[in-house]
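Here is a short report on aromatic rings. Look through the model first, then read on.

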Amino acid sequence: MKIKSRSGVMMMSMFVIIAVSVLFVAIPEGINAQQEENVFVTHSGAVVKTTGEVLDPLYTSATVEFDPMEYLRDFNYGRISQLDDNTTLREFTIIANDDEIMEISPGIFYNVWTFNGTVPGPTIRVTEGDIVRVKFINNGEKEHTIHFHGIHPAGMDGVFEPVGGNGGQFIYEFEAGPVGVHPYHCHVMPLEEHIVHGLYGVFIVDPKEKRPAADEMVMVLNGLDTDFDTENNFYAANTIPFYYQHHPIQINTDELIRVYVVNMVEFDPINNFHLHGNLYKYYPTGTDIVPSFYTDMITLSQTERGIMEFEYQYPGKYLFHAHKVEFSEKGWVGIFLVNENKKSIESEEYGS
Amino acid sequence: MEVSNKSSKGKLIASGAIPFVFLIILIAYIFGPGSELLDLGVPLPDISMEKVDFLNSEIQVTVRNTGPISVEIAMADINDRIQPAAVEPDRYLERYETALVRIPFEWNEAEPYRIGITIEDGTRFEKEIEAAAPALEPSLELFGFFAIIGTYVGIIPVMIGLLWLPFIRRISKQKYHFFLALTAGLLLFLGIDSVEEALEVSDESLAGSFNGVLLVATVLILSFLGLYYTGEKLVSRAKSSRITKPVAIALMISIGIGLHNFGEGLAIGAAVGLGSIAFSTFLIIGFALHNTTEGIAIASPLSREKKVIGKLIAMGLIAGAPAIFGAWIGGFVYSPFTSVIFLSIGAGAIFQVIITILKWIREEGDKNLSSAAVASGFAIGMIIMYLTSILV
């Protein structure tokens, strides 16, 4: 009896320790009830089931706020009129804003600064020698400008004439030139901030002697620093990461493809463009009509740009992406889906 | 008389309740009409990745919202490369809520990985894993393996330490006090060790919002007070009952050491679970040597008792066996929070035991804690522990 009560105390303390231990073994993070399962595909093709939600930068066209597929082949030729000396006047209106929140990747919201509501802004397309007149309205909170790359008078450079927010206006007017593909962007300090938030776009000057007809498209290579640590969280062709991977760009065999490429990535010194299963003729800055390279890989520094031309011989899916793989694994990757060309379909008319 | 008594009672209740009423009004006002006045500053979201498990072709991350506002998990990446992933049960995390992010990934053993989670406002959080190691799948074999490790580092060394009992028994009172003080020194070291470990775990894996240092302090003091109270009860009851005071003290010591060894077991189990390659036979030997001293701590107060074999075995088990349970829990269901809690409880228990021992030496001896025997015992206890700890 004596021993029993003593060991009783010990047994009790042992029991408490065991009970606590068992409790922690038995109840890990709560019990998951069987729910309906979602499925997703990994980068390596494995299919994974989950009872929860899928985190995948996979956009459907229904949810996308900015449609990269629409932007890809959307050229703005302006309101055209003839001046007395028979030169063509092309008038554009560009409105800046800096308060829009956009879902730039599924579930991730970022304050974009926009020209005409999108990043990149509208692609402005003119012919060499045209008079370009851009009415700029700044509806943002901050000062903004438009600085065109190209040849123009100092007063039209969009640097020393900041346009005040809340309705400030300015008219940029100059003769289009030189031939090529150029960026335009806001040039207000702090410049990096104004660029990385999205105030940029593409300005194409066509030669008077037109380039051959082709399926033409614009790709702005850009990055998004969503947590402001001066490193890009996302990279893309035309803003939305992985978009053209999940929504391949449809093209045809034996049809000339012309891509106007502009690198607007900040923070990282270089970007590049690699095409699968093919090589392209490359015209740096698009200022010449004779290609400088025949390659499948070009390196682009900040605002470096050019024109690529290629044709696919074989149908199928071909990747295009940054061969700086970090960029491609953060969104700068896409697919050309090459379809068999029905010879009856004529390629699109150039210009209009 | 009765009336005035009643009214004074009413006054008492009222005077106690009135501040509460005002406090409730204040809170209601701040949440209600006054909330706009206080709407200053931008609350920043925060999440913690508490646990990362490397499974077959998959990395699993336990994410807790430890910020002031609710968040949505939007994206996962490995080494800053975006990966398709899943979040269970869902992406919405209220404060302190957790979710499991499953990232399919062909990882390589022993390579370092940075796990990134991006939330809806584009903020990316990162956790670095030094070396990937497969998560332990509970199996009977592993269960047994942990039991053996627990026995090696917990039960056996304590039992070996207890074998010094006959030696301590034969020595003079002065030397006996030396050994009691030595025990206190050993325990003080263990207590500090536990606190350090608890702070380290909370620093590495617990979010700032848990107030790691204060959590450790609070749990430690609560544990100390709880055991101090029950210990005193036990000792005072010992005077009238069959348990003698030395037995009561030895029991308190073994419970305190048991709690400490539980924390130690957690650390060992977690180390195996996290694949710390340094964990080896050498580490087990270190722990074993270190823990042998704990046996002395239990044996010392019992040395003036008779018929102690049974008690010794029981106390050895109380002190040593928790290492097994700790290893199981640490290996299979490790959570930094429970780890911190148990280490703090263990520290509180140990400090309580130290006080008990010192009080006892003071009563036993000549109301003197500054004798050469006590001072040197204490000092040597600390030194022994330090030297054996180098092995761990």
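Trp328(B) is buried, because its relative accessibility is 16%. Buried means under 20% relative accessible area, exposed means over 50%, and partly exposed lies in between (1.4 Å probe, protein chains only). Phe143(B) counts as partly exposed at 34%.

The model is predicted: local features need pLDDT of at least 70, side-chain atom pairs count only at pLDDT 80 or more, and totals for chains, interfaces and linings use all residues. Residues are numbered from 1 along each chain as its sequence is written, chains are lettered from A and ligands numbered from 1 in the order in which they are written, and side-chain values use heavy atoms, leaving out hydrogens and water.

## How the rings pair

Over all chains, the structure holds 31 aromatic pairs. Rings of Phe, Tyr and Trp (its six-membered ring) pair if their centres lie within 6.5 Å; planes under 30 degrees apart count as stacked, over 60 as edge-to-face and the rest as tilted. Phe143(B) and Trp328(B) are stacked, because their ring centres are 4.0 Å apart and their planes lie at 5°. This pair links distant parts of the chain: Phe143(B) is in helix H2 (residues 140-162) of chain B and Trp328(B) in helix H9 (residues 322-332) of chain B, 185 residues apart. Helices (H or I, at least four residues) are DSSP runs, numbered from the N terminus.

Phe224(B) and Tyr228(B) are also stacked, at 5.6 Å centre to centre with 10° between the planes. Both lie in helix H5 (residues 212-240) of chain B, four residues apart, about one turn of the helix. Tyr228(B) is partly exposed at 27%.

Methods:
Helices (H or I, at least four residues) and strands (E, at least two) are DSSP runs, numbered from the N terminus.
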